[in-house]
Amino acid sequence: MIGLEEIGKKAREAAYDLVKRTGEEKNRGLLAAAAALRQQKEVILAANAKDLASAEKNGMAAGLVDRLRLTEERIEAMADSIVDIARLDDPVGKVLEEIPRDNGLKLVKMSVPIGVVGIIYEARPNVTSDAFALTFKTSNAVILKGGSDAIYSNTAIANVLRTALSEAGFCRDSIQLIEATDHETANRFMRLNGYVDVLIPRGSKRLIQAVVENASVPVIETGAGNCHIYLDETADVKKAVPIVFNAKTQRIGVCNACESLVVHRKALSSVLIPVIAKLQEKNVVTAADEQAYAVLEGADGIRKELLLHATEEDFGTEYLDYRISVKTVDSLSEAIDHINRYSTRHSESILTEDAANAERFLNEIDSACVYWNASTRFTDGGCFGFGAEIGISTAKLHARGPMGLRELTTYKYKIYGNGQVR
């Protein structure tokens, strides 16, 4: 097995090669990679079957199994995403600003690659191809460190991509996968200064905290998603029912799924009851505070066996499961305070017909993405027109929200002179 420093050296060499490539060349490499995924889907599915068998044996939660599972449709979507990224404008080499100086110097601020991007992630094999496509398009080399749960899938996908790059005339080390899955290797990777320019964790709150606390390489913190939807007193029940149902149940194991409802007291009977009734079609368990519990318990059509009394812990939990918490409030101010207290700064939505309330919510909620009358599930690179995303940043420096191509660049200054001295 190749050592970490050797992987780092190879990545740095690949990054130096990529910066010389034109946008047209990189697009050709991306299209070759997409075609290879389609051609080798049976190999990838066979590898994924091994991971799924291990997951079943180890009792993995349903939401995580959904993240891990690959199908022909999902592999097609992975390939389609690469093609979409190839069609986007290349953000590298753009003139961001020109600054003429009185002494005749001309400063030109240019967008450039970051260099070598490291990514640590869990049971999401599609991250392997998404991360490759976004970093390759931006002339960055990428070093990937997936979890043991998806090791067979990640290895198969990485090998397909590396072979495709080599056959298309590119450095195969533009993407490398660290195959060791032990914690010590992960910790050493987090300290690979001099080789890795930035580290991006994708996964559970526990993983992200471990990277933030242990890394000496600069980190862009991506967030766990304790996402909220606030049902204001003027919420339209015809909008609220499908929005909450989509946000909670379309995919339970993703960071932009709704985990908590905050409800104005005046909307408990008129809006919350039909919302919960719809969620119960998917057997969603509701952990409700005392006011909401009393209303739901006495409502016709509500299955009492799916109701629980909420604890303080429920309001701060990212379930990644068929479960949701409910908090009752008496005002918009109380709703904003509650969400800002328990949110992971990811995505929050207000459902209201009051434009003033909506604007106040959008302005005062301290999260990367805030919505008015829409599902939190739209926090996604593809939905934002980025092709895919490298992660959802909940940090405030350099990048925030879905990180696409532009967030994988930095800048430098070119200074043009004609003999000037200081």
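Reader: Let's start here: what makes serine 139 count as buried?
Author: Its relative accessibility is 2%. Buried means under 20% relative accessible area, with over 50% called exposed and anything in between partly exposed (1.4 Å probe, protein chains only), so at 2% serine 139 counts as buried. Before we go on: this is a predicted model, where local features need pLDDT of at least 70 and side-chain atom pairs count only at pLDDT 80 or more, while totals for chains, interfaces and linings use all residues. Residues are numbered from 1 along each chain as its sequence is written, and side-chain values use heavy atoms, leaving out hydrogens and water.

Reader: Where does serine 139 sit, and what is its phi?
Author: Serine 139 is in the loop between α6 and β4 (141-145). Those element names come from DSSP runs numbered from the N terminus: helices are H or I runs of at least four residues, strands are E runs of at least two. Its phi is positive, about 65 degrees, although serine 139 is not a glycine. Most residues other than glycine have a negative phi.

Reader: And why is asparagine 373 described as partly exposed?
Author: Asparagine 373 has a relative accessible area of 22%, so it lands in the partly exposed class. This residue sits in the loop between β13 (369-372) and β14 (392-393). Asparagine 373 also has a positive phi, about 55 degrees, without being a glycine.

Reader: Which residues of α3 and α7 meet?
Author: On the α3 side you'll find Val43, Ile44, Ala47, Asn48, Lys50 and Asp51; on the α7 side, Ile151, Tyr152, Ser153, Ala156, Ile157 and Val160. They divide into eight nonpolar, two polar and two charged. (Ala, Val, Leu, Ile, Met, Phe, Trp, Tyr, Cys and Pro count as nonpolar, Asp, Glu, Lys and Arg as charged, and the others, Gly among them, as polar.)

Reader: What makes asparagine 48 buried?
Author: Asparagine 48 has a relative accessible area of 1%, so buried is the label. Leaving aside residues up to four places away in sequence, asparagine 48 touches Leu68, Arg69, Leu70, Pro125 and Ser153. Contact means heavy atoms within 4.5 Å.

Reader: Is threonine 155 buried or exposed, and how do you know?
Author: Buried, because its relative accessible area is 18%. Threonine 155 lies in helix α7 and touches Leu177 and Glu179, not counting residues up to four places away in sequence.

Reader: Why are α2 and α7 called oblique?
Author: Helix α2 (residues 23-39) packs on α7 at an angle of about 135 degrees, with the axes 9 Å apart. The two helices are therefore oblique to each other. Gly29, Ala32, Ala33, Ala36 and Leu37 in α2 meet Ile157, Val160, Leu161, Ala164 and Leu165 in α7. By class, that contact has nine nonpolar residues, one polar and no charged.

Reader: How do α11 and α12 end up with the label roughly perpendicular?
Author: Helix α11 (residues 268-279) and helix α12 (residues 290-297) pack at about 75 degrees, axes 10 Å apart. They are therefore roughly perpendicular to each other. Leu268, Ser269, Leu272, Ile273 and Ile276 from α11 meet Gln291, Ala292, Val295 and Leu296 from α12. This contact has seven nonpolar, two polar and no charged residues.

Reader: Last one: why is the pair of phenylalanine 132 and phenylalanine 136 called tilted?
Author: The whole structure has six aromatic pairs. In this one the ring centres are 5.3 Å apart and the planes are at 35 degrees, so the pair is tilted. (Rings of Phe, Tyr and Trp, its six-membered ring, pair if their centres lie within 6.5 Å; planes under 30 degrees apart are stacked, over 60 edge-to-face, the rest tilted.) Both phenylalanines lie in helix α6 (residues 126-137), four residues apart, about one turn of the helix. Phenylalanine 132 and phenylalanine 136 are both buried, and ring pairs link Phe132, Phe136 and Phe170 into a cluster.

Key. Axes fitted to C-alpha atoms, helices over the stretch in contact; angles between N-to-C directions. Parallel < 35°, antiparallel > 145°, perpendicular 65-115°, else oblique.
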